[in-house]
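The entries follow the structure.

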Amino acid sequence: MTQTSMQVCLSEPELAVLAEAMADLLTSGVCVALRGDLGAGKTTFARALVRALADDRDLEVPSPTFALRQDYETPRGLVVHFDFYRLTDAAEIIELGFDEAVSSGITIVEWPERAEMLLPADRIDMQLTEARTADCRKLRIDGHGAAETIVAKLAPRMQQG
Ligand SMILES: Nc1ncnc2c1ncn2[C@@H]1O[C@H](COP(=O)(O)OP(=O)(O)O)[C@@H](O)[C@H]1O
Ligand SMILES: [Mg+2]
């Protein structure tokens, strides 16, 4: 596992820059699991990531809180944004087509804790935590499997803040 964390606090625009750097490195099959409390900034980061992958700054990226799944056809292939918050058991996640989405493109998951056992081995775990001030977030990123190299390449960019 490749792990990188920073104590520095990242503002919303700074997180968007990180999302662009991550987007450049993501490949089909990798799952980005976004962890953190309600309001931590998971959807905000997912939106920046989808827009970067789609190469469209104005793309509408709604929170999948109710739809549970939003699909995007992008120049980088299929990108699927999931929110597992309202799901209670693994069967529902399978019904949503999670496995199929993972094998067909890039997946982004909010509340991955709901399906820990189903998460793929090639994965970026990103933990967003509220900081002392409301205008930024602390984060920690772990890379697993094929995503280890992605996190290793992102680490120096994070140190720059
Ligand atoms: N890095 C950040 N710094 C400061 N505020 C942020 C940051 N990321 C997100 N926010 C703000 O936090 C609020 C909740 O974000 P959201 O992405 O909806 O959280 P979540 O999906 O984790 O529930 C939004 O108002 C958003 O503008
Ligand atoms: Mg959200």
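The entries below cover the pocket, then the aromatic pairs.

Ground rules. The model is predicted, with local features needing pLDDT of at least 70, side-chain atom pairs counting only at pLDDT 80 or more, and totals for chains, interfaces and linings using all residues. Residues are numbered from 1 along each chain as its sequence is written, and side-chain values use heavy atoms, without hydrogens and water.

I looked up the largest pocket and noted a volume of about 340 Å³. A pocket here is an open set of points on a 1 Å grid over the protein atoms alone, where a 1.4 Å probe fits, with protein on both sides within 12 Å along at least five of seven lines; lining residues have an atom within 4 Å of a point. I noted 16 lining residues, and A16, E20, A48, R51 and R57 are the closest to the centre. The elements giving two or more residues to this lining are α1 (12–25) and α2 (42–54); helices are DSSP runs (H or I) of at least four residues, and strands (E) of at least two.

Entry, rings. I found four aromatic pairs, which require ring centres within 6.5 Å; planes under 30 degrees apart are stacked, over 60 edge-to-face and the rest tilted. F82 and F84 are a tilted pair, at 5.6 Å centre to centre and 50° between the planes. F84 and F98 have centres 5.4 Å apart and planes at 80°, so I logged this pair as edge-to-face. F84 sits in the loop between β4 (77–83) and α3 (90–95), and F98, 14 residues apart from it, in helix α4 (residues 98–104). F82, F84 and F98 form one aromatic cluster.

Note on methods: Chains lettered and ligands numbered in written order. Points joined across faces, edges and corners; volume = space filled by probe spheres on them. Phe/Tyr/Trp six-rings, centres within 6.5 Å; stacked < 30°, edge-to-face > 60°.
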